[in-house]
Amino acid sequence: MPEGPFGLDPVIWAPLRLIIAVLLAVGLVFNGALAQIYLERKIQAIIQDRIGPLHTGPWGLLQTFADAIKLLGKEDIRARLTDKWFFLAAPSIVFSPMIASFVVVPFAPGIVGANLNIGLLYLTTLGSMTVLGIVIAGWASNNKYSLIGGLRSAGQLISYEVPQILSLVTVVLLVGTLSMVGIAESQPDWRINFLILPLAFVTYFIAGLAETNRNPFDLPEAESELVAGFLTEYSGMRWAIFFLAEYGEVTVVSAIATTLWFGAWHGPLTDRLPLLGVIWFTLKTYFFVLVFMWIRATLPRLRIDQLMSLCWKVLIPLTLTNLMVTSVLLLAYPSSRIPVAIANWILLGLFGLAVPFFQRRRLASLRERLRAAAA
Amino acid sequence: MTYDVVEPIFFALLTIGIVSAGAGVVLANRITTSALLMAFSFLNVAGMFVLLGAETVAAFQVLIYVGAITVLILYGVMFTPQQPRAYGLFFQKQTPLAAIVVVPIAIFVALFAFSFRDAPEAGAKGHDLEPLATSVFRDFGFPFEVASVLLLAAMIGAIVLVKRDEE
């Protein structure tokens, strides 16, 4: 009889492994969300020169637990005119793809739920399912603010999927595999993909901000204009599930960025102690989670037309150019990655230089219009 | 004991899912329910592709049909004026006509389905990415390009049609 790990029969080990993986993913999402909410409050407080949660537990550490218990204890409210089944289904449609995404996240060598050979495609696929949940939530709430939030979300998420996928494709072209483990293994030591494809990372991160509905792209819930967008009618548990899903998606996007551009689990001493990879991976992922929070605390929200023109007029042409340049250079110089790296850094530099230039021109045209209106 | 029994069970579940969701799309008298059931049916079809070892096709099925097409349909439904009453779709009132159209087609579909009875087993599972890429970008490269140019033309046409005059 073939022996599985720990001397277990493979017939028992296969379902056991599945259960362990699911429990770990759920635990990771729940604890991660608790940690991220605390971090978010503290970091925003520091940036805004406040103190943040302080009184519940040491350094306010228990504040999030108290909030979670409050949310769980709340009455389950559903307005009478909402569409019952849609209203109940929406949180799970948003939540389950996010949990499923953790299956292919490579935490360390050998510590991965499943090494799918289409790992990256699988992740983008699951990311695209979130839209459906949000649109349904907006529709089922039977409330005009919710509906506007849901429609905005549909437009936003479908549009930003294009630059997101195009940025991922450049990395796939470079590495030659869609498997997350394969991508991680392709960047040993310091030779991370960020040094070769910085522009793809920047465009992916911007698109990722939009895909997770985070500032400055949180138009679907925009508190100051839409009450709370598609979340208006939700409270208690269901609202908490939406927020768990949001924090989980932030983690997934950060994990993708870590794996694709920053060498996944690779770090000092991982050759000798592979389990150390988990710590490196978590640290890198949470660094990007912190960047998400930093951006949230510093940038104002975009207007819907600005959001769309940023995607269709800036990001998509940029990622398409990047994709074309990268593929041509990879065909022309199959043995060396230096030409690709040079082209990418030049494109990134041009992008960085063009932003203030266009901003100034836009401001000038706005002033012109104001003057014309005053005259 | 191994898990060979699991596959037929999943196949049965997916089949029930596809057929019942498909029937629900036609029978439900609310168009939003139909749209959501259609997404469910697409998901089950993706599950079928996974069972057949065509993971990439399954991923694209979900990405395009569940993630994009269904959302666009819901989008369209939301912009359509809704009556306060529950209403049947117009073709639900044309049962005899529908039967006349559907039965001959169903016969051909059934014959076609049974023609696969002696088909060979599916090949090695889970590595359909490379064959798919080779056939799309190498063997059928030209038709692929033609189709994409056609889609581009359609997109530009749509933009031109909806663009307001700059008056």
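This is a predicted model: local features need pLDDT of at least 70, side-chain atom pairs count only at pLDDT 80 or more; totals for chains, interfaces and linings use all residues.
1. Secondary structure. Chain A contains 12 helices and 0 strands. Its pattern, read along the sequence, is accordingly written α-α-α-α-α-α-α-α-α-α-α-α.

2. Overall dimensions. The radius of gyration of chain A is 22 Å, close to the 21 Å that the globule rule gives for 375 residues, so the chain is as compact as a globular protein of that length. Along the principal axes, the C-alpha atoms of chain A fill a box of roughly 85 × 60 × 40 Å.

3. Contacts along the sequence. Among contacts in chain A between residues at least 6 apart in sequence, 76% join residues that are at least 24 apart.

4. Domains. Chain A is divided into domain 1, covering residues 1-73, and domain 2, covering residues 76-369. The centres of these two domains of chain A, taken over C-alpha atoms, are separated by 21 Å. Each domain supplies residues to the contact: 16 from domain 1 of chain A and 16 from domain 2 of chain A.

5. The side of domain 1 that touches domain 2. Which elements of chain A give two or more residues to this side? They are α1 (10-47) and α2 (63-73) of chain A. The largest share, 13 residues, comes from α1(A). By residue class, this side of domain 1 of chain A divides into 11 nonpolar, 4 polar and 1 charged.

Notes. Residues are numbered from 1 along each chain as its sequence is written. Chains are lettered from A and ligands numbered from 1 in the order in which they are written. Domain bounds come from an automatic or database domain assignment. Two residues are in contact if their C-beta atoms, placed from the backbone, lie within 7 Å. Helices (H or I, at least four residues) and strands (E, at least two) are DSSP runs, numbered from the N terminus. Ala, Val, Leu, Ile, Met, Phe, Trp, Tyr, Cys and Pro count as nonpolar, Asp, Glu, Lys and Arg as charged, and the others, Gly among them, as polar. The radius of gyration is taken over C-alpha atoms; the globule rule is 2.2 Å times the number of residues to the power 0.38.
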